[in-house]
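Please read the points below alongside the model. They cover a few local features of packing and contact.

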Amino acid sequence: MSADTPRRIALLRHAKADWPQVSDHDRPLAERGRADAAAVGLKLAETGITFDLALCSTATRTRETWKIAVQELPHRPKTHYEERLYEASPGELIALLNETPDEVHDLLAIGHNPGMHALADALSGRAKDDTLARMTRTGFPTGALAVVSFTGSWKSLEHGVGTLLDFWTPNEH
């Protein structure tokens with residue numbers, strides 16, 4: 001892989017979770033979350049991106065979001081369940097993404113806020129159309145998806161190197 005290899009990262013916040021009497025890590029999706037997860041899957045398929053790898057938090061709500069969303073994709077990427085995505089800071093998330101093998105062109109990360117929103121914002125030195133303004137205005141609600149592109153190796157991923165290509169929330173469908 002050359003240093004000018006184009007790559008895309010899709011950052012997905014889990015769908016709406018329920019609040020039963022369980023630990024935060026074990027919270028399942030709410031009924032609305034299950035419907036939104038299917039809509040997220042359709043949006044992921046609509047992007048036309050064939051993900052090489054999906055990194056998913058080990059939390060119940062992220063695993064359930066992915067289990068529903070992936071059913072809508074024409075190609076099921078290799079999935080790695082990663083504990084470090086849970087409650088990760090933007091710096092921790094970038095360090096985790098820096099470990100991605102360079103044969104991966106397109107990656108999907110399914111995680112939590114505030115990390116997913118902060119990471120999308122931190123990586124996006126540029127933005128296509130009004131994507132950054134919309135993300136700033138709406139925040140990063142449950143089920144939100146941001147797609148960021150950058151050029152180079154995963155080890156070179158850092159603040160400001162990317163372009164925010166797309167931003168979508170379930171209430172847009």
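This is a predicted model: local features need pLDDT of at least 70, side-chain atom pairs count only at pLDDT 80 or more; totals for chains, interfaces and linings use all residues.

1. Residues are numbered from 1 along each chain as its sequence is written, and side-chain values use heavy atoms, with hydrogens and water left out.

2. R7 lies in strand β1 (residues 6-13); strands are DSSP runs of E, at least two residues, and helices are runs of H or I, at least four. R7 has a relative accessible area of 1% and is buried (under 20%, 1.4 Å probe, protein chains only). Its side chain reaches the backbone oxygen of V104 at 2.6 Å.

3. Helix α3 (residues 90-97) and helix α4 (residues 115-123) have axes that come within 9 Å and cross at roughly 70° (axes are lines fitted to C-alpha atoms over the stretch in contact, with angles from 0 to 180 degrees between N-to-C directions). α3 and α4 are therefore roughly perpendicular (65 to 115 degrees). On α3 the contact (heavy atoms within 4.5 Å) involves P90, L93, I94 and L97, and on α4 G115, M116, A118, L119 and L123.

4. There are two aromatic pairs (ring centres within 6.5 Å, using the six-membered ring of Trp; planes under 30 degrees apart are stacked, over 60 edge-to-face, the rest tilted). F140 and F167 are tilted, 5.6 Å centre to centre with 45° between the planes. F140 sits in the loop between α5 (131-138) and β6 (145-151), and F167 in strand β7 (residues 162-168), 27 residues apart. Both F140 and F167 are buried.

5. F150 and W154 pair edge-to-face, at 5.1 Å centre to centre and 70° between the planes. F150 and W154 are both buried.

Technical notes. Buried means under 20% relative accessible area, exposed over 50%, partly exposed in between (1.4 Å probe, protein chains only). A polar contact is a pair of N or O atoms within 3.5 Å; within protein, one must be able to donate a hydrogen and the other to accept it, and residues adjacent in sequence count only if both atoms are side-chain atoms. Angles under 35 degrees count as roughly parallel, over 145 as roughly antiparallel, 65 to 115 as roughly perpendicular and the rest as oblique.
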